[in-house]
Amino acid sequence: MTFRATILTLYPEMFPGHLAFSLAGKALERGQWSLDTMQIRDFAEDRHRTVDDTPAGGGAGMVLKPDILAKAIDNVSEGDDLAPGRPRLLMSPRGKPLTQERVRELAAGDGVVIICGRFEGVDQRVIDARNLEEVSIGDYVLSGGEPAALTLLDAVVRILPGVMGNALSGTHESFEDGLLEHPHYTRPQVFEGREIPAVLTSGNHAAIEKWRLEEAKKLTAERRPDLLKGK
Ligand code: SAM
């Protein structure tokens, strides 16, 4: 079954963005995954098509209105026989940080419905009432959820069956086994006086695997000791 992504956004023209290019773009053209956008503003009812309002309790910025967003979400669900099977993700810096493990789970499913926040964020009641899963792509604040949604989709689409051909098979990738990936080298043999480590050109596959694992462990210990906890 084709993996279906539906994006609720105030900026549908930001999609498919970079996902129109390279392997993800080819896979999109081939119909290996699909992407629909829905303009949240289309669900506003007033003359000015208002989607936001001032925060209750005061303070800076504006908040996306719950009634408008709920209508947009319900519209996806109505036209979607897969709705119960598609997680509804709200991109949010307060969300659970996205991991390769969650990316793998999402890629194994039927698709995703992604809601892109803007302004100060989204009224809490629609998050609760529509059971939205808040997902963060890192500890920094973007101006909108669109680049975060594209990032999440990029990570998911590249591991869909057939998208990367066999480029992924048999390769060790960062996070797949809880480690960062070992360093890579290619020709020339000598670059600005630096040589490719001899083991990699030895032809000894067992020794190469051992070296790669050791390098991966060393790098992870140096850069991301948090990943080694509990190992
Ligand atoms: N006031 C919010 C806060 O401090 O948590 C930040 C809102 S941000 C300016 C506007 C929108 O960008 C958010 O609703 C969310 O959709 C998106 N966004 C910003 N940073 C993000 C991140 N790290 N991960 C995922 N989405 C993010």
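Me: A residue is near a molecule or strand if its C-beta atom, placed from the backbone, lies within 6 Å of it. Which residues come nearest to the ligand?
Reply: There are 19 residues around the ligand, and Met91, Gly117, Leu142, Gly145 and Ala148 come nearest. Keep in mind that this is a predicted model: local features need pLDDT of at least 70, side-chain atom pairs count only at pLDDT 80 or more, and totals for chains, interfaces and linings use all residues. Residues are numbered from 1 along each chain as its sequence is written.

Me: What is pLDDT, and what does the protein chain average?
Reply: pLDDT is the predictor's confidence in each residue, from 0 to 100. The protein chain averages 94, and 95% of the residues score at least 70. For the complex, the predictor gives an ipTM of 0.99 and a pTM of 0.95.

Me: OK, new topic. How is the protein chain divided?
Reply: Into domain 1 (3–159) and domain 2 (172–230), with bounds from an automatic or database domain assignment. The C-alpha centres of domain 1 and domain 2 lie 36 Å apart.

Me: What is the strand order in the open sheet of 5 strands?
Reply: The order is 2-1-6-5-8, with parallel pairing; two strands pair if DSSP finds at least two bridges between them. Strand 2 (33–39) and strand 8 (133–136) are the edge strands, each pairing on one side only. From one strand to the next, the twist averages 35°.

Me: How many bridges join strand 1 to strand 2?
Reply: 7, and strand 1 covers residues 3–9. Threonine 9 stands opposite glutamine 39 in strand 2.

Me: What about strand 5 again, how many bridges does it make with strand 6 and strand 8?
Reply: Strand 5 pairs in the parallel sense with strand 6 over 4 bridges, and leucine 90 has isoleucine 115 in strand 6 as its bridge partner. 5 bridges join strand 5 to strand 8, also running parallel, and lysine 96 stands opposite valine 135 there.

Me: Which strands does helix 2 lie across?
Reply: Helix 2 (residues 66–78) lies across strand 1, strand 2, strand 5 and strand 6 (111–116), running at about 160° to strand 1. Contact means C-beta atoms, placed from the backbone, within 7 Å. Axes are lines fitted to C-alpha atoms, for helices over the stretch in contact, and angles run from 0 to 180 degrees between N-to-C directions.

Me: What is the order in the open sheet of 3 strands?
Reply: It goes 3-4-7, with mixed pairing. Strand 3 and strand 7 (121–122) are at the edges with a single partner strand each, so one side of each has no neighbour in the sheet. Strand 3 and strand 4 (residues 63–64) are antiparallel, over 2 bridges.

How values were computed:
Two residues are in contact if their C-beta atoms, placed from the backbone, lie within 7 Å.
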